[in-house]
Amino acid sequence: EATPDITDEGDAADLTKKTFADLGVEPELCAALAGHGITHPFPIQALALPVALGGQDIIGQAKTGTGKTLGFALPLLMDTLGPGEDGWDEDPASGSPQALIVLPTRELAKQVAEELTMAAAKRTVRIVQVYGEALSKGAEVVVGTPGRLIDLMDRGVLDLAHVTTVVLDEADEMLDLGFLPDVEKILARTRTDRQTMLFSATMPGAVVALARRYMSKPTHIRAQDPGDEGMTVTTVQQVVYRTHALNKVEVVSRILQAAGRGRTIIFARTKRT
């Protein structure tokens, strides 16, 4: 079925002039963000927020590094009650997870959990990056990788019966890592009337099929410039040096001696390397 499309050419330019408060984000979240100097949304946030706050499903086409986390984190937190907050006592969901964020790697899960914790600093909502023992203390928002989530579900530690918001972040990477069957298993355990938000830099067939099957009339939001189909944000400069294996260490040490070099991360294939 046809999905409405939103791209960021004109829309986002207008929306990014607005503050998070202008877009309808609650005061506690705005205050927590303002404490970190965050008041105006990035394009993907500006486009996703009005749709997500309306409770609609979203397919967000956005790359890593575009700030999409707050685009789903703020609506998710506004739809979640923490201990002692207004209506907590009467809520049948109190004490069990109300939101679930599924990511392909532990590193991403850690990053997203930290950003959520920062936004929820003035709320009582508990955000947990899943390890079994953490769940026993109670959590409203659960962040984790598919394999870990399934393990906890199978052990009866994680109950998804009250989850009303599910976010699938970096869906194309989950596909590459072979996680889609696990993701389907997780979605099958949640309520059919949940809000589902899926984010992916690219839209391979298997991800589109997943969206069709598990989402309800999603709005497709693209937060990239027309014609920019690359995987990384355009402001990232990529350079390749071709070198013989015996010269690699020398080439790396020359790069590390470059003037003005900032902080550096080196990825290697093996522990020994």
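Q: Which residues touch the most other members of the largest nonpolar core?
A: In soluble globular proteins, nonpolar side chains tend to be buried together. Here the largest nonpolar core has 40 residues, of which Leu74, Leu77, Ile101, Leu116, Val141 and Val143 touch the most other members; a core joins buried Ala, Val, Leu, Ile, Met, Phe, Trp, Tyr and Cys through side-chain atoms within 4.5 Å, and buried means under 20% relative accessible area (exposed over 50%, partly exposed in between; 1.4 Å probe, protein chains only). This is a predicted model, in which local features need pLDDT of at least 70 and side-chain atom pairs pLDDT 80 or more, while totals for chains, interfaces and linings use all residues. Residues are numbered from 1 along each chain, and side-chain values use heavy atoms, without hydrogens and water.

Q: Which element gives the largest share of this core?
A: Helix α5 does, with seven residues; helices (H or I, at least four residues) and strands (E, at least two) are DSSP runs numbered from the N terminus. Beyond four places in sequence, Leu116 is in contact (heavy atoms within 4.5 Å) with Ala73, Leu76, Leu77, Ile101, Ile127, Val141 and Val143.

Q: How are α9 and α10 packed?
A: Two packed helices are described by the angle between their axes and the distance between the axes. Helices α9 (residues 180-188) and α10 (residues 205-214) pack at about 10°, with axes 12 Å apart; axes are lines fitted to C-alpha atoms over the stretch in contact, and angles run from 0 to 180 degrees between N-to-C directions. That makes α9 roughly parallel to α10, a term for angles under 35 degrees. Leu180, Val183, Glu184 and Leu187 in α9 meet Ala206, Val207, Leu210, Arg213 and Tyr214 in α10.

How values were computed. Parallel < 35°, antiparallel > 145°, perpendicular 65-115°, else oblique.
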